[in-house]
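Please read it with the structure open beside you.

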Amino acid sequence: IYSTLPHECEYITNNCFLIVMGKFGLRSILLFAVVVHILVISAAADIKNLKIWPMPLSVSYGHRNLQLSNEFVLKTEGSKYPDASGILKEGFSRLLDVIKVAHVVDTNFSYDGPSPVLKGIQVVVLSPSDELQYGVDESYNLTIPEKGNPAFAYLTAKTVYGALHGFQTFSQACHFNLTTRSIEVHQVPWTIVDRPRFSYRGLLIDTSRHYLPLPVILKVIDSMAYAKLNVLHWHIVDTQSFPLEIPSFPKLWNGAYSSSERYTVADASEIVRYAGRRGINVLAELDVPGHAKSWGIGYPSLWPSKNCQEPLDVSSDFTFKLIDGILSDFSKIFKYKFVHLGGDEVDTSCWTLTPRISKWLKQHRLNGTSAYEYFVLRAQKIALSHGYEIINWEETFNNFGNKLSPKTIVHNWLGGGVAQQVTAAGLRCIVSNQDKWYLDHIDTTWQDFYSNEPLTNITKPEQQRLVIGGEVCMWGEHIDGSNIETTIWPRAAAAAERLWTAYDNIAKNPEQAARRLAYFRCLLNQRGVASGPLTGGGRAAPDEPGSCYEQ
């Protein structure tokens, strides 16, 4: 019954039972209810021993161990994905690396005890395409048997990106055995059916407030993949600096802090390539018209005046010609279907107090508020002309929501209730409310991150579908390469489970998930990611000596 149901039945709801009743009749619905009841009881009994993060949609496991063969192999017979680009092979190579990183596997060590061996993993991908875009199917099924002749794990996915998620889950079932000095898969047999709840699961990094070296960004991308986050929101430029090379307007990166704190086009392309091969899209942000003082260092005519330097000059056609040039260059690098145009925290007083701009406003029958609307809508049209759909911070919706392009996604950050209003207006929404999902708020605990529900008070299915996901934001005023990881992790992982895991599988009390999250935090440490302990907020230090799993 379950396998034939639509996505509305992902969660056990009244609507789901009505669908079953209509398709199968009363006897089937009673059977369905009994099966669900048994599964819920079984899951509750087993969850305390589960060490997978984020929690899969459906999981069962046993109590035996299988040793990984020293020649553990990837088989792809029956797969429709040709892997001409090597994404699957690279993902398998990374899988082997992460499961062996914590200890040296001694292939010469002799052990005479009984040790059933897992020879490899067979992967079947149903789609030949590896196009990565919003909404790509990320589901997978993973089976690890307790025996076989020979024994192979089986991973099926509709796309290669679902298979990469399956590799991540498989890696968390692997452990180093100090007796045999080899890698084992614990708790076999495993049967996992999994897919994400939301298609957009983001992490923002800010390279304007502090420059982040390229290796730091790539390491953040690796850690995102471990937690099944799939969008790197790159807040590239802001008031403080403009570090990115823009070939159409080469003086823009004069606004960088220094010549060594810049990203070339090749650097940006490498970030996109590296992320894409891990199933992660890169969302580029160009925050206009505010937060743009650094632009005028290379092009001073963008400033309203020398003494009043932002927002960008709304009265100048050159301002919009430059935005057009930037977005044209963006379209050659950033292939994600969305671009973020900011639009937040715009103080229009520089426009009204600068005589020549004030005169222009009067000629066009505009005031500060309507000029703000004019600027955002004109920037939107430019982005649309380059094939992008637009994301804007919520102030644009709060001030002139009925004028925004229907292709706008509203990015909520100021507080609760906005997602309800946005979806009621028929627009899409991303949730990042600052009281719960801002990582630079270091007093916010992982429990707060875990408990933040994107669909709070949104009960109509047609509105729920308009919430495409959520994002945790790592604003960079006090963050650089020295502390970014301990500020992101483990709190971002708490949000990652909220965004990946089916609602009914989310722990109703965060403390029920604490043991699994502690295990995942220690796993990050073993993989070289500087995740802080669960105690405290961001950048917390251990309270006292003790086990990683108890902190």
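This is a predicted model: local features need pLDDT of at least 70, side-chain atom pairs count only at pLDDT 80 or more; totals for chains, interfaces and linings use all residues.

1. The feature I would begin with is an open sheet of 8 strands, arranged in the order E1-E8-E4-E5-E3-E2-E7-E6 and with mixed pairing. Its edges are formed by strand E1 (58-60) and strand E6 (174-177), each of which pairs on one side only. Between neighbouring strands of this sheet the turn is 30 degrees on average, with direction ignored.

2. With strand E7 (residues 182-188), strand E2 pairs in the antiparallel sense over 3 bridges, whereas E2 and E3 are paired in the parallel sense over 5 bridges. On the E7 side, Arg64 has Val188 as its bridge partner, and Leu66 is bridged to Val185. In E3, the residue standing opposite Leu68 is Leu118.

3. Helix H3 (residues 87-100) lies across E2, strand E3 (117-125), E6 and E7, and its direction makes an angle of about 140 degrees with E2. The axes of H3 and helix H4 (residues 160-172) come within 10 Å of each other and cross at roughly 10 degrees; the two helices are therefore roughly parallel. On H3 the contact is made by Ile87, Leu88, Gly91, Phe92, Arg94, Leu95, Val98 and Ile99, and on H4 by Val160, Tyr161, Ala163, Leu164, Phe167, Phe170 and Ser171. By residue class, this contact of H3 with H4 contains 12 nonpolar, 2 polar and 1 charged.

4. Helix H5 (residues 214-226) packs with helix H6 (residues 265-276) at an angle of about 15 degrees, their axes being 10 Å apart, which makes H5 roughly parallel to H6. Their crossing is right-handed. H5 contributes Leu214, Ile217, Leu218, Ile221 and Asp222 to the contact, while H6 contributes Asp267, Ile271, Tyr274 and Ala275. The residues of this H5 and H6 contact comprise 7 nonpolar, no polar and 2 charged.

5. Helix H8 (residues 317-333) and helix H11 (residues 368-385) have axes 10 Å apart and pack at an angle of about 35 degrees, with a right-handed crossing. From H8, the residues Asp317, Thr319, Phe320, Ile323, Asp324 and Leu327 meet Tyr374, Phe375, Arg378, Ile382, Ala383 and Ser385 of H11. Sorted by class, the residues in the contact of H8 with H11 are 7 nonpolar, 2 polar and 3 charged.

6. Thr239 deserves a separate look, and this residue is found in the loop between strand E10 (231-235) and H6. Which side chains make polar contacts with the side chain of Thr239? One is that of Asp238, at 3.4 Å, and another is that of Glu310, at 3.1 Å.

Methods:
Residues are numbered from 1 along each chain as its sequence is written. Side-chain values use heavy atoms; hydrogens and water are left out. Axes are lines fitted to C-alpha atoms, for helices over the stretch in contact, and angles run from 0 to 180 degrees between N-to-C directions. Helices (H or I, at least four residues) and strands (E, at least two) are DSSP runs, numbered from the N terminus. Angles under 35 degrees count as roughly parallel, over 145 as roughly antiparallel, 65 to 115 as roughly perpendicular and the rest as oblique. A crossing is left-handed if the near helix is turned anticlockwise from the far one by less than a right angle, and right-handed if clockwise. Contact means heavy atoms within 4.5 Å. Ala, Val, Leu, Ile, Met, Phe, Trp, Tyr, Cys and Pro count as nonpolar, Asp, Glu, Lys and Arg as charged, and the others, Gly among them, as polar. Two strands pair if DSSP finds at least two bridges between them. A polar contact is a pair of N or O atoms within 3.5 Å; within protein, one must be able to donate a hydrogen and the other to accept it, and residues adjacent in sequence count only if both atoms are side-chain atoms.
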